[in-house]
Amino acid sequence: LCSRAQGAAARSAQLAATGQASEGDDAAVAAEAAQEHLWRLLIDWPRELGLAQQQRDFARWRRELLRDAQSINAAGLVAYLEQEFFGMALSPWLCLSEPEQLRHWSEHQRTPGARLCAALLRSEDAGAPPSAENELGALRRRRGDGLLAQLPPLAARVVARMRELAAQVLRDQSRPLPGMVVASPLGEGRGRSSVETARGSLVHELEIAAGKVASYTIVTPTEVNFAAQGPLHSLLLGRACASAEAALSLARRCALALDPCVACSVKLA
């Protein structure tokens with residue numbers, strides 16, 4: 001996971017350590033993020049919600065996106081998303097601004113995306129507003145999206161992924177997108193890079209002394225989102241559950257919404 005993002009972060013941090021600041025988009029990292037969004041939307045969330053998984057579709061687009069980064073903007077992927085996943089053109093779907101508009105779409109389309117949204121909206125109470133103040137990922141990047149601010153917490157995070165994927169294939173840069181790489185020198189022999197991945201900002205920092213790497217630090221989005229008293233804690237805190245089974249289901253879904261880059265399991269203490 002995130003192998004291209006890790007590589008881009010390592011290269012740019014090394015360049016920054018030699019005094020070379022840089023900022024720009026990395027097409028390979030953006031394409032990698034898109035296929036990871038598709039992974040969650042076509043495989044993981046449908047499985048969690050008891051819906052049909054779109055394994056063949058995911059396998060097809062994963063191959064394409066990893067083979068050719070430019071396929072993220074190809075007509076074939078746009079057509080697939082519009083005709084088969086959303087069931088409507090991407091631009092007007094991105095313009096949905098009220099929960100009732102989203103609900104109407106989700107209940108009147110029979111596409112995987114609509115069914116996924118409908119299942120989430122049916123299964124989740126309104127809850128607290130989906131704050132992403134300390135959280136990394138699509139919801140944070142799409143701050144200011146009025147629709148997301150009105151959705152229940154888990155639905156907001158899944159719809160944020162959908163919105164970001166649609167914006168990626170349309171090259172809509174009105175909000176930050178995955179693929180941005182920023183490298184900054186920190187002094188003699190020291191550099192830091194930040195890469196926007198599907199999960200959020202990946203940071204590499206290193207120091208070079210006497211021609212060798214003297215120190216190297218990596219901070220991943222998963223470390224931030226799953227830190228003690230962090231975003232996962234905030235997402236779960238105060239949520240009422242009718243049974244132990246319901247509590248386990250909620251915990252699994254909250255973890256999935258934050259998209260860990262490692263395997264995880266949930267147990268009741």
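Colleague: Why is Arg 192 called partly exposed?

Modeller: Arg 192 has a relative accessibility of 37%, and because buried means under 20% relative accessible area, exposed over 50% and partly exposed in between (with a 1.4 Å probe and protein chains only), Arg 192 counts as partly exposed. This is a predicted model, in which local features need pLDDT of at least 70 and side-chain atom pairs count only at pLDDT 80 or more, while totals for chains, interfaces and linings use all residues. Residues are numbered from 1 along each chain as its sequence is written, and side-chain values use heavy atoms, with hydrogens and water left out.

Colleague: What makes Glu 205 and Arg 192 a salt bridge?

Modeller: The closest N and O atoms of Glu 205 and Arg 192 are 2.9 Å apart, and a salt bridge is a side-chain nitrogen of Lys or Arg within 4 Å of a carboxyl oxygen of Asp or Glu, so the pair forms a salt bridge. The pair links distant parts of the chain, with Glu 205 in strand β4 (residues 200-209) and Arg 192 in strand β3 (residues 190-197), 13 residues apart. Helices (H or I, at least four residues) and strands (E, at least two) are DSSP runs, numbered from the N terminus. Glu 205 has a relative accessible area of 22%, so Glu 205 too is partly exposed.

Colleague: Which parts of the chain does the salt bridge between Asp 259 and Arg 199 tie together?

Modeller: In this salt bridge the closest N and O atoms are 3.5 Å apart. Asp 259 lies in the segment after α13 (244-257) and Arg 199 in the loop between β3 and β4, so the pair ties together parts that are 60 residues apart in sequence. Salt bridges that share partners join Glu 36, Arg 40, Asp 44, Arg 47, Arg 161, Arg 199 and Asp 259 into one network.

Colleague: How do you know whether Asp 259 is buried or exposed?

Modeller: The relative accessible area of Asp 259 is 2%, so Asp 259 is buried. Leaving aside neighbours within four places in sequence, Asp 259 is in contact (heavy atoms within 4.5 Å) with Arg 40, Arg 161, Arg 199 and Thr 222.

Colleague: What makes Arg 142 count as buried?

Modeller: Arg 142 counts as buried because its relative accessibility is 5%. Arg 142 lies in the loop between α8 (138-141) and α9 (146-149), and, not counting residues up to four places away in sequence, the residues that Arg 142 touches include Leu 94, Leu 148, Ala 160 and Glu 164.

Colleague: How are Glu 64 and Arg 67 placed in helix α3?

Modeller: Glu 64 and Arg 67 are three residues apart in helix α3 (residues 55-67), so about one helical turn separates them. Their side chains meet in a salt bridge, at 2.8 Å from N to O. Glu 64 is partly exposed, with a relative accessible area of 26%, whereas Arg 67, at 59% relative accessibility, counts as exposed.

Colleague: How many helices and strands are there in the chain, and why is the chain called as compact as a globular protein of that length?

Modeller: The chain has 13 helices and five strands. Its radius of gyration is 19 Å, close to the 18 Å that the globule rule gives for 269 residues, so the chain is as compact as a globular protein of that length. The radius is taken over C-alpha atoms, and the rule is 2.2 Å times the number of residues to the power 0.38. Buried residues make up 46% of the 269 residues.
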